[in-house]
Amino acid sequence: MKALDLDYMLGLVPVLLRYLPLTLGMAVGAMVMALVLAVILAMVRVLRVPLLDQLVQGFVSFFRGTPLLVQLFLFYYGLPQIVPAFTAINGIQAAVAGLTLHFSAYMAESIRAAILGVDRSQWEATQAVGMTQVQAMRRIILPQAARVAAPTLLNYFIDMIKSTSLAFTLGVTEMMGAAQKEAASSFRYFEAYLLVAIIYWIVVELLSVLQRRLEVRMSRAIAR
Amino acid sequence: MIEVRGLVKRFGGGAPVLNGIDLAIERGERIVVIGPSGTGKSTLLRCINFLDRADAGTLRIGDLAVDVARATRAQILAVRRRTAFVFQNYALFANRTARGNITEALVTVKGLSKAAADARAEAILGDIGLLDRAEAYPASLSGGQQQRVGIGRALALDAELILFDEPTSALDPEWVGEVLDLMRRIAEAHQTMLIVTHEMQFAREIADRVIFMEGGRIVEQGPPAELFDNPRDPRTQAFLRRVR
Ligand SMILES: Nc1ncnc2c1ncn2[C@@H]1O[C@H](COP(=O)(O)OP(=O)(O)O)[C@@H](O)[C@H]1O
Ligand SMILES: [Mg+2]
C-alpha cells in the first residue's frame, strides 16, 4: 500500500464536493437564524427587559458554558426521550437547531457589546430629535454596531462552517460523514480526512478574503 | 410661550443640581444662560428636552403642559417634537451624511416623503453653507462644519424652541466664528432660542435677556446691557470679573 495515494484522493474530490452544498446549506441556514435570534437576545439584554433579561443571561451562560457536541447529543438523542414530539426531528434539523442556539449565544454577546460601544451621544441625538427607541435602534444604533460586530460575526460564521462537521455524529452524511464512509471501505483514512481538511481550509480561506474586503469597505463608508 | 416652573433635579441621592428653576420664554425670545461650570446649565437644557428626567416641576410649551416627574412616553415625545437640541460635541449621526443627518428626523419623526425631506435638506444645507459637502460623512467634516450640520438638523425640525448647549465650546478657535455667525442669522430670524455659552460678546449682541445661574438657581437676569454693565448680585459681579 502506497504511503499517500494521490490518485485515490483526486478521485475522491468530486465525491466529497457533492456534500459541500449540504455543509454550506446547514451553515448558512443556522447562521441566518442565529443572527436573528442573537439580535433579539442582545436587544433584551441592552434594554434590560425585566425577567426576559435573566432568562437570556441563563440561556447565554448555558450555551457558552457547555460543549457544542454535548448540546447536539442532548438535543438529538436526549430530548425525544423527554418530549416525544422531538422524535420527528432528523439529524440535519437537529444539527441546524443546535448550531443556531449555540452560536446565537456567542453572537448575542458580540452584538450586545457592539451596541453598548456606540457612543452615548448617538443615542441622545436620536432622542433629542424625537425618534422612538425602535427607530433609533434600527436606523442609527444597530447599523453602527453592525460595523463593529461584522468581523467578529464573520468569524463565528467560519467557526459555524467547521462545526457543521459535528452533524456527522448525529448520523448526517455530510462531507465528514461521506469521507468516513469512503475511508471505511478503502482503508485510506489519511487521504480521505486530509481531503476533508483541505476542502474546509479552502472554503474558510475564501471567506477570509471576503472578510478583509468587507472590513476595508465598511471602514471607508463612514470615514470618507 | 414656553414656561418652566419649579424644576428640581438631583442625580442619585446627592444635593439638587437644579434647585427650583422658574423660567418663562416669549415666542421669538433669545435667552443666553451664563454661569460657572457645574452650575446646572446643561442639566436645565437637558431636562427641558427630557434627556435627563427632572424630579419635579412643570413644563408648558404652547398648549402642551407636562408634569415632568410624571410625564408619559407620549408626552416626552411631544415635547421633543416641539424642541430641538444642539449639542456641545455635535452628536451627528455617524452613519449618515450631512444631508442624511438633516433628513433623518424629517422622515422618521415628521413623516415627510423622501423627496420632500431632500428638498428641505437642500434649503437647509444652503442656509448653513454646506451644499458642497452634502454627501460627506461627519468624520470627514471639520468641527465647524459638523456643528453647522448639528444646527441645520435642529433647524429642520421647525421647533418652537432650540436649545444650544455650549455649541462652540468644543471647537478649535478657528471654527468658532462661522458657527456664531450662523447662530446670529438664526437669531435675526426670531427663532426662539435658549443658549448656554461663554461667548459674552455674542451674548451681548443677540440676547434679549441674559440669565446668570449659580448653584442650580437663577441668581439674576435682565437685558444684556443691564446684566453685563450693572450686575446687582455680588455673585454675578464676581463671575463677570473672572471671565473678563
Ligand atoms: N449624569 C450625571 N450624573 C451625575 N451627576 C451629574 C450628571 N450630569 C451632571 N451631573 C452633575 O450636575 C452638576 C451640574 O452639571 P451641568 O449641568 O453639566 O453643569 P454646567 O453645564 O453648568 O457646567 C455637576 O456637578 C455635575 O457633576
Ligand atoms: Mg455644561
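Colleague: How far apart are the end C-alpha atoms of residues 82-103 of chain A?

Modeller: Keep in mind that this is a predicted model. Residues 82-103 of chain A are 64% helix and 0% strand. From end to end, the C-alpha atoms of that span lie 24 Å apart.

Colleague: And what does UniProt call that span?

Modeller: The UniProt entry is unreviewed, and it lists several spans of chain A under one feature name.

Colleague: Now the contact: which element of chain A gives the most residues to the side touching chain B?

Modeller: Chain A puts 23 residues into the contact and chain B puts in 27. Between the two chains there are 10 residue pairs in polar contact, both residues at pLDDT 80 or more. On the chain A side, the elements giving two or more residues are α6 (120-128), α7 (133-163) and α9 (189-222). The top contributor, with eight residues, is α6(A).

Colleague: How much area do chain A and chain B bury between them?

Modeller: Carbon and sulfur atoms carry 55% of it. The total comes to about 2,100 Å².

Colleague: Which residue of chain B forms a salt bridge with E124(A)?

Modeller: The count between chain A and chain B is two salt bridges. In the one made by E124(A), the closest N and O atoms are 2.7 Å apart. Its partner is R46(B).

Methods: Residues numbered from 1 in each chain as written. Chains lettered and ligands numbered in written order. Predicted model: local features only at pLDDT ≥ 70, side-chain atom pairs only at ≥ 80, totals over all residues. Heavy atoms only, no water. Contact = heavy atoms within 4.5 Å. Buried area = accessible area lost by both parts, 1.4 Å probe. Salt bridge = Lys/Arg side-chain N within 4 Å of Asp/Glu carboxyl O. Polar contact = N/O pair within 3.5 Å; in protein donor to acceptor, adjacent residues only side chain to side chain. Helix = DSSP H or I, 4+ residues; strand = E, 2+ residues; numbered from the N terminus. UniProt positions renumbered as here; feature names shortened; annotations may be inferred.
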